[in-house]
Amino acid sequence: RALEHMARALTLKTNDPNVLDRRAGLSGELENYDQMLVDAEHAARLAPHNARYRIRVAEACASQGDYERALRELEKAEAVAPNEQTIYSLRGDIYSWRGDYEPALVAFNRAIEIIPAAWILKRRAAAHFYLGYYQEALADLRASIEKRPVDPSTLFRIPLRYVAACPDEDFRQGYLALADRLVELNRQRWTLNTKGTLYDAMGKHSVAVECFSSSIELDPDLPKTWLKRGRAYAAMGDEEMARRDFDKYIEFYSDEVEQNPENPKTWARRAHAHRRLGRWQRAIEDFTAAINRVPDRPVHYKNRAETYCLLERWREAAEDFAKLINLGDKSIVTAYWHTLARLGAGEIDAYRQACKLLVKQHGESTNSDTLHWVAWSCSLAEGAVEDTARVVTVAQRALTVQPTNEFYRITLGAALYRG
């Protein structure tokens, strides 16, 4: 609806860069990056000396995977507004996404010189961590927490599996100390859950159980806490306690279904709960119940298709992915999984038809990730498409945008092999 209002505003002010910029931002939130880029470029042409519009162009390019152009756009913005913090924070993000942490660190340092905001400190913490500067990472996380103690996501800026595998014992202990500090500052269920999740990831399951139990005392009606404690019990080998918590977790969603059996969302929520517990068949049954209530809702087909894939029931998965596409889903991920499911089901002709459609719909994309998936999908089996040279070109275009991406390089190798 907001986009509709923006469209009306543009009929009155055809060349208003501010309205164009705001619509570009809304398009980005809706993941319509092509429209975002069109509006951002239009605004930047109308007001070439406004750094904000140039930054929006960079955001649109980065969202499409065109990092090189995004960096060039940021250089243009920097020439106009050298003290605009967003330029350097976005530059740091782009380098981080590319895995180039040294230049990312330089960019984040500059952003923090301008304004030492908590959200940039935690980004710099991740760059420090990936470069092996563990104490510097801890210092940034500590500073971010002190500046914004109500934000539990600070500790999750570095994935917990990397924290647990970190070779530096001082870093791991310091990380746990920060979790304790969060609880000290905010004794709420989310801080206790954060601490419990950290301890569980690091193999300290009994301490995790204590954290989750304290959280349940504060708020016994949060299903996810029961799930987390059940997993911690299971990791300890206490199957009886784990089963009790898992049953309690499902009970929340079963109550919803009983109270409102015609609402597809209640069935879908319970389906997700079953899936988190690995109860695949029950999840499929609940997703099917949701589909029966709203046959034209794409998300339920997507969820059921993904569950079929987990069971390697490729034929049923392929049919659900095909239904998704017929309902208007143009996602490259859906298209990829459709080709994979057709191949897994042994439906070679259907696989080739899916690849043909994939190349037609996405082969001219400017998004490097999209190009990568097109080329990879068409390289899974011999004879996927007649024009193998085009697939090679698609893979080359993806690698040109991100020349250091090893996955793209593997895809190009696969395309050349099939060609």
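The chain exposes about 20,700 Å² of surface, and carbon and sulfur atoms supply 49% of it. Areas of this kind come from the Shrake-Rupley method with a 1.4 Å probe, and for residues only the protein chains shown count as cover. The model is a predicted one, in which local features need pLDDT of at least 70 and side-chain atom pairs count only at pLDDT 80 or more, while totals for chains, interfaces and linings use all residues. Residues are numbered from 1 along each chain as its sequence is written, and side-chain values use heavy atoms, with hydrogens and water left out.

**Overall layout**

Of the 419 residues in the chain, 49% are buried. Here buried stands for under 20% relative accessible area, exposed for over 50%, and partly exposed for what lies in between, with a 1.4 Å probe and protein chains only. The chain has 24 helices and 0 strands; helices are DSSP runs of H or I with at least four residues, strands are E runs of at least two, and both are numbered from the N terminus. Along its principal axes, the C-alpha trace spans about 60 × 60 × 50 Å. Contacts (heavy atoms within 4.5 Å) can be sorted by sequence separation: among those between residues at least 6 apart, 50% join residues at least 24 apart.

**Two nonpolar cores**

A nonpolar core is a set of buried Ala, Val, Leu, Ile, Met, Phe, Trp, Tyr and Cys residues joined through side-chain atoms within 4.5 Å. The largest one has 39 residues, and Phe 129, Leu 155, Ile 158, Phe 171, Tyr 175, Leu 198 and Tyr 249 have the most contacts inside it. At least two residues of this core come from each of several helices, including helix 8 (118–130), helix 11 (169–185) and helix 15 (239–259).

What does Tyr 249 touch beyond its neighbours within four places in sequence? Its contacts are Pro 223, Lys 224, Trp 226, Leu 227, Ala 273, Arg 276 and Leu 277.

**Charges and salt bridges**

Side chains of opposite charge can pair when their charged atoms come close. With Lys and Arg taken as positive, Asp and Glu as negative, and His and the chain ends not counted, the chain has 59 positive and 60 negative side chains, and the centres of the two sets lie 3 Å apart. A salt bridge needs a side-chain nitrogen of Lys or Arg within 4 Å of a carboxyl oxygen of Asp or Glu, and the count comes to 32. Three of these pairs are listed here.

| Pair | N to O distance |
|---|---|
| Asp 21 and Arg 52 | 2.7 Å |
| Arg 56 and Asp 21 | 3.0 Å |
| Glu 306 and Lys 302 | 2.8 Å |

Asp 21 lies in helix 2 (residues 17–29) and Arg 52 in helix 4 (residues 51–63), so their bridge ties together parts that are 31 residues apart in sequence. Asp 21 counts as buried because its relative accessibility is 1%, whereas Arg 52 is partly exposed at 41%. Arg 56 also lies in helix 4, so its bridge to Asp 21 in helix 2 links parts 35 residues apart in sequence. Both Arg 56 and Asp 21 are buried.

Helix 18 (residues 298–310) holds both Glu 306 and Lys 302, 4 residues apart, about one turn of the helix. Glu 306 is partly exposed at 28%, and Lys 302 is partly exposed at 33%. Elsewhere, salt bridges that share partners join Glu 41, Arg 54, Arg 69, Glu 73 and Lys 76 into one network.

**Individual residues**

Helix 2 also contains Val 19, which is buried with a relative accessible area of 9%. Val 19 and Asp 39 are 20 residues apart in sequence, with a C-alpha to C-alpha distance of 9.1 Å.

Is Ser 377 buried or exposed? Ser 377, in helix 22 (residues 368–377), counts as buried because its relative accessibility is 0%. Setting aside neighbours within four places in sequence, Ser 377 contacts Tyr 336, Thr 339, Tyr 351, Cys 355 and Leu 358.

Val 401 belongs to helix 23 (residues 388–401) and is buried, with a relative accessible area of 16%. Val 401 and Gly 65 are 336 residues apart in sequence, yet 7.7 Å apart in space, C-alpha to C-alpha. Not counting residues up to four places away in sequence, Val 401 touches Gly 65, Asp 66, Tyr 67, Glu 68 and Ser 368.

Key: Charge placed at Lys NZ, Arg CZ, Asp CG, Glu CD.
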